[in-house]
Amino acid sequence: MLIDSGPRQDHGETVLEHLDERGIDHLDHFVATHYDADHIGGHADIINELGSDGIDMVHGPPPVGGTPPDTKTMGRFRDSLMERNIKSTKIGEGDEFNIGDSSINVLNPSRSIENTDRNENSVVLQATYEDQSILLTGDIEGEAETQLFEQYSDQLGTVTAVKAAHHGAYNGTKATTLDGTNPTSIVLSSSLTNGYRRENEYNAHPHDETLKRVHDHEGDINTYWTPYHGTTSLIIEDGELQIEPSRSQQALSEVDVAALKYYGRDNDLDQEGLAEIEEITSEDLPEETPNWVDEVSLATKQPAIDPEKLEELAELEAERSDLKQEKYRLEGDREQRLERKAALEQKSENSQGLTDRLTAAVGSLWGAETDGDGTTQEDTTSDHRSAESASTEQEGHDRPSTDPDTPTSETDGDSEDGDNADQEENIDATIAAYERRNAELRADVTELTEQVEGLTAEIDTLEQELDFPGLLDRVTAAIGSEAGDSQQTEIRRERLSDTVSSPEITDTEAAEDTAATEQEHAESTWDTLTQAQQTDHTSDQTRSDSTHRDQDPSTDPSDDRGFSL
């Protein structure tokens, strides 16, 4: 399930890159929490990229006032749905989705709210897996947030992580939300340079009021802010919630986030510059900074780590990403080749049946039972291929994936605070985990490469066997072995080729031919072989039989030759 797609200026590129890194090319559900441009800006581009084959269902809230907003972004979204023939369904309070073992409950928009503001009618989702739960709040604020905790207080008490409402706006993520969920982590999604300022030029999303409420909350809350941490992934694995920022920074306090916001905006930093900050003191902050931010602790939360180890870790992360992409590609290649091989084997089975019938016809015409050249070898080859196919599927195709996104020790190394020795020990453990996992991925890639190469060779062999002249050679060999005359045999071969080289035999749909079509081929072949026998005058008996049939049309050739299909 994909929820929202970012601002229109990005054209969905950031989201598409993230999906590609994760090896995701299909969405069961694509949700728009509401129709503001900063939430559906990439919808049209993602729909156009994945198409109707890559997206099962698109969802959004009922449009406030009965119609969606008349904006260019909404127009592009609507046009992409029409062009790709995808329907958008409306969702609201009480709807539920099950994705694997996860449950997704829709808590808003609520029928009990009469407010027509788009933010108040945002889709709110609670995602639950095992004993962990995440609350995705959209842009709700005010009445919708109050009603949410009045109605679902018990259910929301299980939440362990919250995405701050409305990018951390002052009128969202109230104290009741923090008290009702008591989360261990909160994620603030906004840009450093956004223009939603309050009383001074520095106080933009996330607003000081929201950060102060987090600060005043009794429990400690790990805080993640996207301009500093980058793309932040919340992963539930083995009953535990793991939070993975793309910039591999530690969780901060709400005080540190406020200090970074004021310092970054005061010094005109971009997000890359912000992420490089290692120390801020109260003297570095502008005078507009709230007094409670003087407790800034950023300088003491990140002990020094050997730069060479950080560089080694970055290289291992990059290698893992490349190996995973190669593994995903090879798995796709293997699937395609297995399907191709199965189709060719079915075609080979049908072609062998026709070969056997034609060979039997030739043998009967010369008064001898002929098995055809290579028939026994073909049967053995077919059996060998079947056994080999079963082995391939058991060893590769049906093998469950063992590719977790993150080594077990990786998150442990990022989550612990402590002195330099602890940090060094943690990063050493993380490096060791990456090296172990990368070695496993390299082995997977090697094995998949061998399987793909083996399947490619099998497909080439099958295609060569199914080449039509090979079928004619077998029948011609049967003719030649009985007639003993190479010149006459070639004449028969040419005539047989004219008769049986029809689209039904060589077409890729031969596997679907019916018994009636095979009968028609056999009868046509019989007539041609009979004509060739009459022309060549291979024996007095042949001429006698041919004359007998011409004189008595009621006589069935099978009565004379013992041949019938």
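Which residue in S13 is the bridge partner of Thr232? The bridge partner of Thr232 in S13 is Pro245.

## Basis of the report

This is a predicted model, in which local features need pLDDT of at least 70, side-chain atom pairs count only at pLDDT 80 or more, and totals for chains, interfaces and linings use all residues. Residues are numbered from 1 along each chain as its sequence is written, and side-chain values use heavy atoms, with hydrogens and water left out.

Helices (H or I, at least four residues) and strands (E, at least two) are DSSP runs, numbered from the N terminus.

## The S12 and S13 hairpin

Strand S12 (residues 232-237) pairs with strand S13 (residues 240-245) in the antiparallel sense, over 6 bridges. Two strands count as paired if DSSP finds at least two bridges between them. The hairpin has 2 residues between its strands, and Asp238 takes a positive phi near 55 degrees there.

## Cis peptide bonds

The peptide bond from Asn108 to Pro109 is cis, with omega near 10 degrees. Pro109 belongs to the loop between strand S6 (102-108) and strand S7 (124-129).

A cis peptide bond also runs from His205 to Pro206, with omega near -5 degrees. Pro206 is in the loop that lies between strand S10 (185-188) and helix H8 (208-216).

## Positive phi in two loops

Asn85 is not a glycine, yet it has a positive phi of about 55 degrees. Asn85 is placed in the loop between helix H4 (72-83) and strand S4 (88-90). Thr173, also not a glycine, has a positive phi of about 50 degrees. The loop that holds Thr173 is between strand S9 (161-163) and helix H7 (175-181).

Are these residues buried or exposed? Buried means under 20% relative accessible area, exposed over 50%, and partly exposed in between (1.4 Å probe, protein chains only). Asn85 has 68% relative accessibility, so it counts as exposed. Thr173 has 2% relative accessibility and therefore counts as buried.

## The buried side of H8

Asp208, Thr210, Leu211 and Val214 are the buried residues of H8. They lie on the same side of H8 because they cover an arc of only 165 degrees around the axis. The arc is that of the directions from the helix axis to the C-beta atoms. An α-helix has 3.6 residues a turn, so residues three or four places apart point the same way.

What do the buried residues of H8 pack against? They pack against H7, S10, strand S11 (222-225) and helix H10 (254-266), where contact means heavy atoms within 4.5 Å.
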